[in-house]
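Some notes on how the two chains meet. Please read them beside the model.

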Amino acid sequence: MHPAPSVILFTSLSGVGFGLLFFLGLGMPAPLGLNAFIFYAIAYAFAVGGLLFSTFHLGHPERAIKAFTQWRSSWLSREAWLSVLALGMTGLGAVAQIFFETRLAVVSYAGAALCLLTVFSTAMIYRQLATVPRWHTPMTPVLFLTYAVAGGALLSGQVGIAQPVLGLLGALQIFAWIQGDGAFARSGSTLATATGLGTNGSVRAFEPPHTGTNYLLQEFVYLVGRKHAAKLRLIAIILLSGLPIVLLVLPFNHMFAALAVLTHVAGVLVSRWLFFAQAEHVVGLYYGKRG
Amino acid sequence: MTCLPKMTDKKLGLVIDLDTCVGCHACVVSCKGWNTENYGAPLADQDAYGEMPVGTFLNRVHSYEVQPEDGLAQLVHFPKSCLHCDDAPCVTVCPTGASYKRTEDGIVLVNETDCIGCGLCAWACPYGARELDGVEKVMKKCTLCVDRIYNENLPQEDRIPACVRTCPSGARHFGDLGDPNSDVSKLVAERGGMDLMPELGTKPVNKYLPPRPKDQLSSDQTPTQSLQAQADNPAGFFAWLDRTLEKL
């Protein structure tokens, strides 16, 4: 799949943002006044910034409001609702903490739950696609949620939680990569099933329908950069899990904490790039571009 | 509403005969022509006369080589467009309700004024039947020429999809695949019409008729074999020529 910067930034940043809002909702920490303002400002910068990036992916962003209508069937529509509800609910809690110096427990817990549901709905947009076997697994929402919780724990300064969750995240991501590498073959879709010609012999793509490129090839048959995938995976794991854990083990200071956040977010961006760039869409079969 | 209808009154669709398609791409051209000039946003091209032309098409013809265990390879031309699936994954993912499947005839359409161009429906389609237009930034797909088939301003023989009307080899058929007594349904039953990627559970309405088995040529009967025999054992004038040239 084409790794569009808008979608990579959207899923990565909003995941971190909702992760931080989740911990603020749980009251871990429960800052008041100016402190609360700083925490919530960082969280909203990530969450809302990420959501704004998603609109760059749209052909007609001016009609984005219509995306709220089809929540009965569409995960993308559900995500739109959940993100607004999560931002609204945590926003109520934020206003109370910043301006009235009180914590609204029920509102905050509800906001925390909505944050996780928002991340879950984002993941389900990808998980539901049977056309991309690498994504079509329960691992996709598990990973997205673990990413959000790990990033949130890191940003909210919950060192005791961040360390094990970052370790778990690294392990889950490696497992997902290994599992994903065989997903297309296991899906059973081949050029033979795509054309129905398999009973007559072995099928080979002889001539494509067009001499130039097209939307389908640009969007679904992305090939650039796959040769460095193994190196990029190593870089991603070190940045998103390894280095932050080491930095958290060292005696605490704000410099190390900031560095841990930066390396983690950089690692998330690299792994999210791989999430898209390495995803193989079955339509590539018609062009003879899959195994 | 992007929930799929439980059932549709008709299942209008195409039956494509892979045995008779000659790969001329006339259906591609007539489709592009009709759908650029009529319903909805035109099918745009970018850099049409330049080095890297790109454009939107609703129908494309692939060509595949099928190599049997023994015998000669066979070339199969393979037109591909929207299959108007009963269980269309492109419809249910749409966040705005722009994509929908009609209850009356099962045609899958896009309401272009509601489309936000997110591209998710194209991601959900296994067949590459949807393309985001490079100029209008809305999703384009086969409409089964909904503006022809019910169009009372056209003569009766033209009230079929443009690709079917134009096909010079009679490889494309249009009709109600929900009616077991329709011509297309009988054709599918008779020729063993098949679904593309049935494992994905999309339940396509369009069916493909597999190529008929070809006359069996054994390996010593291939067209080049008879030429090889002449070259190895020349007779008559060629035998004399062969002997004479050998002596030089």
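1. Start with one pairing: A:Ala205 has B:Tyr64, in strand 4 of chain B, as its bridge partner. Strands pair if DSSP finds at least two bridges between them. Helices (H or I, at least four residues) and strands (E, at least two) are DSSP runs, numbered from the N terminus.

2. This is a predicted model: local features need pLDDT of at least 70, side-chain atom pairs need 80 or more, and totals for chains, interfaces and linings use all residues. Residues are numbered from 1 along each chain as its sequence is written, chains are lettered from A and ligands numbered from 1 in the order written, and side-chain values use heavy atoms, without hydrogens and water.

3. The interface puts 57 residues of chain B in contact (heavy atoms within 4.5 Å) with 59 of chain A. About 4600 Å² is buried between the chains, 61% of it on carbon and sulfur atoms. Buried area is the accessible area (1.4 Å probe) lost by two parts on being put together, summed over both.

4. On the chain B side, B:Tyr64, B:Ile116 and B:Trp123 lose the most area to chain A, together 17% of what that side buries.

5. The rule finds 2 salt bridges across the interface. A salt bridge is a side-chain nitrogen of Lys or Arg within 4 Å of a carboxyl oxygen of Asp or Glu. A:Arg204 and B:Glu65 form one, at 3.0 Å, N to O.

6. Strand 4 of chain B supplies the largest share of the side touching chain A, 8 residues.
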